[in-house]
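Here is a short report on one protein model and its ligand.

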Amino acid sequence: MDHHRQLLADNDPEIAAAIGGEEVRQRDGIELIPSENYTYPEVLATLGTVLTNKYAEGYPGRRYYGGQQFTDRIEDIARERARALFRAEHANVQPLSGSAMNQAAYLACLQPGDTVLAMDLSHGGHLTHGAPVSHMGRLFNFVRYKTRHNQQGAIDYDALMATALETRPKLVLCGFSSYPRGLDYGAFRRIADAVGALAMADIAHIGGLVAAGALRNPLDDGFDIVTTTVHKSLRGPRAGLVLCRSAQAKAIDASVFPGLQGGPHMHTIAATAVALRKAAEPAFRDYARQVLANAQALATALLAQGVSLITGGTDNHLLVLHTIDSFGLDGRRAEEALDRIGIAANKQVVPDDPRPPLRPSGLRIGTPAATTRGMGEAEMHRIAGWMVDAMRHPDDAARLSRLADEVRAFCRQFPLPGVTEARAA
Ligand SMILES: *Cc1c(COP(=O)(O)O)cnc(C)c1O
C-alpha cells in the first residue's frame, strides 16, 4: 500500500494531497452520520487490486468474456457468504450501489404504472423509495404511508391494511434511512398477502445489525426480497446486495444484468466477500451489540439534557434530534455548529416538517462509525455533552474553538482503521 501511495504522490501530487487531507479529516473528527462507517484494512487492500482491470459481464459459468477462472470463484464465494449470512435462498452481489439494488428489484417485479406502498420520506423513508425527484418515482405509482407521532413513531398497521386494500399495490415496501424504531415485518407480510403483493424490505442502514442477529431479519418473516447496502453498518465496500427467495432469483438476476448494469465491479465484489466473512465472525456480533448500546447511551445523555428526540428515543443505531424545539436552531445551523467542533452529522427533515429540506427542523446522528473506532458508552456521554454545548452556543467562536481542540485530542486516542499514520497534506 505504502509503495503505491508513494507512486501516487510522485505522479499526481494534487490527488495524493487531497487523499492525505481526507485521512486527517477522518482521523480528527467524530463521525456520527449514521450511513457512514470505516471499512476494514483488508477491504481497502482488496479494492486496490488488479481485479479492477477485469470485465466479467454475466454470472459465474455464464460470462460474455473469457478468462474468468478467478472472477467466477470470487463471485461464487461472495454469493455463498451472502446467502449463508442472511439465510437467503438466493443472493445477487453485483449491484453497484444501494440505488441500483432497489432499481433492479423494482424493475424485476413491476410494470410501469404499478402501485408500490412505501414509507413517506419525511417519516424515515429513502429517496429511492419513489421520491418524486427520482426516476423510479416517475415510473411507478408510489403510495406513501406514515408513522404515528404519539406512539413512539409506530406505524398504524390497520390503516396500512386499509390503504393496501384500496390501492392494490403489487409491492409492499418497508425500510428507512432516518427512522429510529423497529418494524413489524410480520404485519407487512400479512398486508402483502391480503392483496397478493410481494413484500420487500430495504435494510440498507441496518444490514450489518441484521447480519449479526442484533435486529430481526425480514427474510425470517417470509419476505420475498431484501436489499442492503454493503458500506453502511455492514462495514464493507460501497455496493448493494439483493437477497431473495428462489422464486424471484431468475427475475432479480436478469434485472441486475443485463437489465440495469453492464460489467460488475469485481474488485468490489471481492471486497464484499471479505466484509461478509468478517460479518460472520463472533467479533462482529459484539460490534453490532455495541452499536445499539452506544445509540442507547447517546439517547439517554441527550434526553437528560432536555433534547427532544423524534419518537422519544431509538431501537436501532440512529437518532433524530428536533433541533428547532431543543435549541431554536434549524438542522443546517446545528450541522454547521457541530462541524465547527469536528463532529459530523447531517440535517434531517422531521415527520411532516413545515420547514424546507435544506433548512429542516432536525438533525440525524448514528453510532456505527464511532463504534468501529472503539468508542463505547462512556465516550457517547462525552460526545453528547460536546454536541449540546455547541448547539446551545452556535455563535460563541471562542467556545467552539476550545471544544474543537478537545474533540481533536479525544479522536487521536482512537486510530482510524486502515490508516497507520494519517499524512497531513
Ligand atoms: C443509503 C440508502 C440507499 C442508497 O444507497 P446508495 O449506495 O447511496 O445508492 C437505499 N436505501 C436506503 C434505505 C438507504 O439508507
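## Ligand site, loops and cysteines

By this predicted model, the space taken by the ligand is the second largest pocket. The shell around the ligand has 14 residues. Gly-98, Ser-99, Asp-202, His-205 and Lys-232 are the closest of them. Which helix gives the most to this shell? Helix H5, residues 98-109, does, with three residues.

The table sets them out.

| Side chain (N or O atom) | Ligand atom | Distance |
|---|---|---|
| Asp-202 | nitrogen | 2.6 Å |
| His-231 | oxygen | 3.4 Å |
| His-126 | nitrogen | 3.5 Å |

How much of the ligand's accessible area does the protein cover? On its own the ligand has 390 Å² of accessible area, and the protein covers 86% of this.

His-129 is in the loop between strand E5 (115-119) and helix H6 (135-139). Is His-129 buried or exposed? His-129 counts as buried, because its relative accessibility is 1% and the cut-off is under 20%.

Arg-355 is in another setting. Its place is in the loop between strand E13 (346-348) and strand E14 (362-366). Arg-355 counts as partly exposed, because its relative accessibility is 30%. Arg-355 and Met-266 are 89 residues apart along the chain. Their C-alpha atoms are separated by 43 Å.

Now the cysteines. How many disulfides are there? The count is zero. A disulfide needs two cysteine sulfur atoms within 2.5 Å. For Cys-174, the nearest cysteine sulfur is that of Cys-109, 14 Å away, and Cys-174 is in no disulfide. Cys-174 is buried, with a relative accessible area of 1%. Cys-244 is in no disulfide either. The nearest cysteine sulfur to Cys-244 is that of Cys-109, 10 Å away. Cys-244 counts as buried, because its relative accessibility is 0%.

Conventions
Residues are numbered from 1 along each chain as its sequence is written. This is a predicted model: local features need pLDDT of at least 70, side-chain atom pairs count only at pLDDT 80 or more; totals for chains, interfaces and linings use all residues. Side-chain values use heavy atoms; hydrogens and water are left out. Buried means under 20% relative accessible area, exposed over 50%, partly exposed in between (1.4 Å probe, protein chains only). A residue is near a molecule or strand if one of its heavy atoms lies within 4 Å of it. A polar contact is a pair of N or O atoms within 3.5 Å; within protein, one must be able to donate a hydrogen and the other to accept it, and residues adjacent in sequence count only if both atoms are side-chain atoms. Accessible areas come from the Shrake-Rupley method with a 1.4 Å probe; for residues, only the protein chains shown count as cover. On a 1 Å grid over the protein atoms alone, a cavity is a set of points where a 1.4 Å probe fits but cannot get out, and a pocket is an open set with protein on both sides within 12 Å along at least five of seven lines; lining residues have an atom within 4 Å of a point. A molecule sits in a cavity or pocket if more than half of its atoms lie within 2 Å of its grid points. Helices (H or I, at least four residues) and strands (E, at least two) are DSSP runs, numbered from the N terminus.
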